[in-house]
Amino acid sequence: MIKPYQNTDGSKKEQVRSMFDRIAPRYDLLNRLLSFGIDRMWRKNVVKLLKGLQAPMILDVATGTGDLAIEICKIDPVEVYGVDLSPQMLEFAQKKIQQKRLHMTITLKEADSENLPFESNFFDAVTVAFGVRNFENLRKGLAEMQRVLRPGGKLIVLEFSKPASFPFKQLYHFYFTRILPWWGGLISRDKDAYRYLPASVLQFPEGTEFEDELRAAGLEPEKRIPQTFGIATIYVSVKK
Ligand SMILES: C[S@@+](CC[C@H](N)C(=O)[O-])C[C@H]1O[C@@H](n2cnc3c(N)ncnc32)[C@H](O)[C@@H]1O
């Protein structure tokens, strides 16, 4: 199992929590710099897929500093819940939510995706952006998201993937394994965190392999939408 701090004790979950607590103050800046701002467009593309839902209840898992939960408010949901393991990431999310006066719509909770504090069949949609790769037990996390969705409800996952065609495959590999760990380590002051990022992406199941995981959790994959030459992928699945 790929963990952020390979030479340190602690479960993946404990290490992921402390890594995000540590990088939280620079997380948004790093996202913008390292993705050249494209990460915003990817989240907007997730939200486009939610349009058409009438006054929905939405859960954003691994909400981090809240960017996707905030973007979701553009479709006028009744309520958005954002959950995350890291109290520091949630603190930054809460500040942004207050500044944007969205505190009546978004409720944050410190919680583990593998044990969600919600009743079954509750949400119209569940979203998770760049979260599933960090779960300690992927299948348990997916099964929990399936449990809290109502029948017919959608799970939308945005996660990094690996471009497959020339020259993006080669360019991406060079950027992701050489430039990003160095630059990210420098700005975040946590070298391990930006070594963990490419390492965790390279070993994470993608495409049909990830869809098999969705099926194993009781979800039916509907579509798979590559983003920016396949650097990221949006997976849409439904609870039958
Ligand atoms: C890369 S950040 C993504 C944050 C946000 N979704 C975004 O799009 O920027 C991953 C987040 O997943 C959270 N996370 C990882 N494992 C988790 C788990 N088991 N339960 C809840 N949150 C988790 C981390 O604390 C971190 O805030």
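**A ligand and the helices around it**

Q: What kinds of residues make up the shell around the ligand?
A: The shell divides into ten nonpolar, six polar and three charged residues, where Ala, Val, Leu, Ile, Met, Phe, Trp, Tyr, Cys and Pro count as nonpolar, Asp, Glu, Lys and Arg as charged, and the others, Gly among them, as polar. This is a predicted model, in which local features need pLDDT of at least 70 and side-chain atom pairs count only at pLDDT 80 or more, while totals for chains, interfaces and linings use all residues. Residues are numbered from 1 along each chain as its sequence is written, and side-chain values use heavy atoms, with hydrogens and water left out.

Q: And which residues come nearest to the ligand?
A: Y27, A62, D84, S113 and A129 come nearest, out of the 19 residues around the ligand; a residue is near if one of its heavy atoms lies within 4 Å.

Q: How far is the side chain of Y27 from an oxygen atom of the ligand?
A: An N or O atom in the side chain of Y27 is 2.8 Å from an oxygen atom of the ligand, and a nitrogen atom of the ligand is 2.9 Å from an N or O atom in the side chain of D112. A polar backbone atom of S113 is 2.8 Å from a nitrogen atom of the ligand. For a polar contact, the N or O atoms of the pair must be within 3.5 Å.

Q: How much of the ligand does the protein bury?
A: The protein buries 98% of the 600 Å² that the ligand exposes when taken alone, with accessible areas coming from the Shrake-Rupley method with a 1.4 Å probe.

Q: Which element gives the most residues to that shell?
A: That is α1, with four residues; helices are DSSP runs of H or I with at least four residues, and strands are E runs of at least two, numbered from the N terminus.

Q: Okay, new topic: how do α1 and α2 pack?
A: Helix α1 (residues 12-34) and helix α2 (residues 38-48) pack at about 95 degrees, with their axes 7 Å apart. That makes the two roughly perpendicular, a label for angles of 65 to 115 degrees, whereas those under 35 count as roughly parallel, those over 145 as roughly antiparallel and the rest as oblique.

Q: Which residues make that contact?
A: Y27, N31 and R32 of α1 meet D39, R40 and R43 of α2, contact meaning heavy atoms within 4.5 Å.

Q: Where is P167 found?
A: P167 is in the loop between β5 (149-160) and α6 (168-188), and a cis peptide bond joins F166 and P167.

Technical notes. Axes fitted to C-alpha atoms, helices over the stretch in contact; angles between N-to-C directions. Polar contact = N/O pair within 3.5 Å; in protein donor to acceptor, adjacent residues only side chain to side chain.
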